[in-house]
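Subject: Structure for your files

Dear colleague,

Here is the structure I promised to pass on. My notes on what was found in it follow below.

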Amino acid sequence: MSDRRSLLSPRQDVRLYIIEPHRLVVEALRHVYSQDPSISVVGDAPAVDGRPDVIVLDIDGLTMPIEEAIDACESASPQSRVCVLSAQNRSRVMQRALSAKAAAYVLKDTSPATMTEIIRSIAHGDYYADPRLAGALLRRRSTRSTEPNELSGREFEIVRLIADGLSNREIGNRLSLSEKTVKNHVSHILAKLKVNARSGVAVYAVRNGIVT
């Protein structure tokens with residue numbers, strides 16, 4: 001399954017579709033997104049209709065594998081990006097969702113303000129992995145030699161701390177490095193992983209076998 005980035009301009013509204021089996025939760029999500037005038041909910045039936053920019057897919061209680069559900073979303077709406085929503089606070093579940101090319105994995109205890117931020121972000125081509133789970137995944141990296149285009153030991157440490165949600169200053173304090181040095185490392189990491197933002201680092205790592 002391909003991974004398509006949105007071509008939305010920064011000023012365009014985000015068209016959102018909700019796939020959620022419980023009506024009460026659908027109405028709660030609609031209320032959350034209605035607080036942001038740049039997000040428009042265009043549907044919430046079980047089968048995707050129209051051309052949404054983002055599909056919010058609740059995977060709790062699915063009767064099919066996560067991978068099949070994500071694939072069904074893209075088959076129905078190839079230009080859409082999938083944001084998986086779940087109460088499952090397990091790194092392996094997040095890994096399955098991201099490996100199936102979901103653009104985001106969001107836990108249900110995420111604040112409404114953060115949730116709308118994530119939706120806007122992935123609609124414009126970014127990725128999101130919950131930092132509480134991403135750090136655990138990155139710590140399970142396989143032991144293998146490092147090729148020239150792969151991360152160095154220091155860079156991997158920084159990737160793990162980025163996934164844990166630390167800022168450049170906090171990473172510097174943790175590793176006894178200057179903030180400027182950390183910033184340089186982060187620039188090199190983004191270039192090596194061919195991602196544009198810190199939020200894409202953990203997702204790329206999961207999808208491309210940096211973790212096992």
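Two strands are said to pair if DSSP finds at least two bridges between them. Helices (H or I, at least four residues) and strands (E, at least two) are DSSP runs, numbered from the N terminus. This is a predicted model, in which local features need pLDDT of at least 70 and side-chain atom pairs count only at pLDDT 80 or more, while totals for chains, interfaces and linings use all residues. Residues are numbered from 1 along each chain as its sequence is written, and side-chain values use heavy atoms, with hydrogens and water left out.

Overall

The protein has nine helices and six strands. Of its 212 residues, 48% are buried; buried means under 20% relative accessible area, exposed means over 50%, and partly exposed is in between (1.4 Å probe, protein chains only). Contact means heavy atoms within 4.5 Å. Among contacts between residues at least 6 apart in sequence, 69% join residues at least 24 apart.

The sheet

Six strands form an open sheet with parallel pairing, in the order β2-β1-β3-β4-β5-β6. At the edges are β2 and β6 (128-129), each with a single partner strand, so one side of each has no neighbour in the sheet. Strands of a sheet pair through backbone hydrogen bonds, either parallel or antiparallel.

A crossover is called right-handed if, with the strands pointing away from the viewer, the path from the first strand over the helix to the second runs clockwise.

On to β3: four bridges join it to β1, and the two run parallel. Here L16 stands opposite V54 in β3. Helix α2 (residues 66-76) packs on the sheet and touches β1, β3 and β4 (81-86), its direction making about 155 degrees with that of β3. Helix α3 (residues 91-99) also packs on the sheet, touching β4, β5 (104-107) and β6, and its direction makes about 150 degrees with that of β5. For these angles, axes are lines fitted to C-alpha atoms, for helices over the stretch in contact, and angles run from 0 to 180 degrees between N-to-C directions.

Strand β4

Is β4 buried or exposed? Six of its six residues are buried, so β4 is largely enclosed by the rest of the structure. R81, C83 and L85 point one way from the strand, and V82, V84 and S86 point the other way. In a regular strand the side chains alternate between the two faces of the sheet.

β4 pairs with β3 in the parallel sense over five bridges, and V82 in β4 is the bridge partner of I55. The chain goes from β3 through α2 to β4 in a right-handed β-α-β crossover. β4 also pairs with β5, again in the parallel sense, over four bridges. The bridge partner of C83 in β5 is A104. A right-handed β-α-β unit is made by β4, α3 and β5.

Helices α6 and α8

The axes of α6 (residues 153-163) and α8 (residues 179-193) come within 10 Å and cross at roughly 90 degrees. The two helices are therefore roughly perpendicular (angles of 65 to 115 degrees; under 35 is roughly parallel, over 145 roughly antiparallel and the rest oblique). R154, E155, I158, V159 and I162 in α6 meet H185, V186, H188, I189 and K192 in α8. By class, this contact has five nonpolar, two polar and three charged residues. Ala, Val, Leu, Ile, Met, Phe, Trp, Tyr, Cys and Pro count as nonpolar, Asp, Glu, Lys and Arg as charged, and the others, Gly among them, as polar.

Loop residues

A45 is in the loop between β2 and β3 (54-58). At 35% relative accessibility, A45 is partly exposed. Leaving aside residues up to four places away in sequence, A45 touches Y17, I18 and I19.

Most residues other than glycine have a negative phi. K101, in the loop between α3 and β5, has a positive phi of about 80 degrees although it is not a glycine. K101 is partly exposed, with a relative accessible area of 29%. S176, in the loop between α7 (168-175) and α8, has a positive phi of about 60 degrees and is not a glycine either. S176 counts as exposed, at 67% relative accessibility.

Regards
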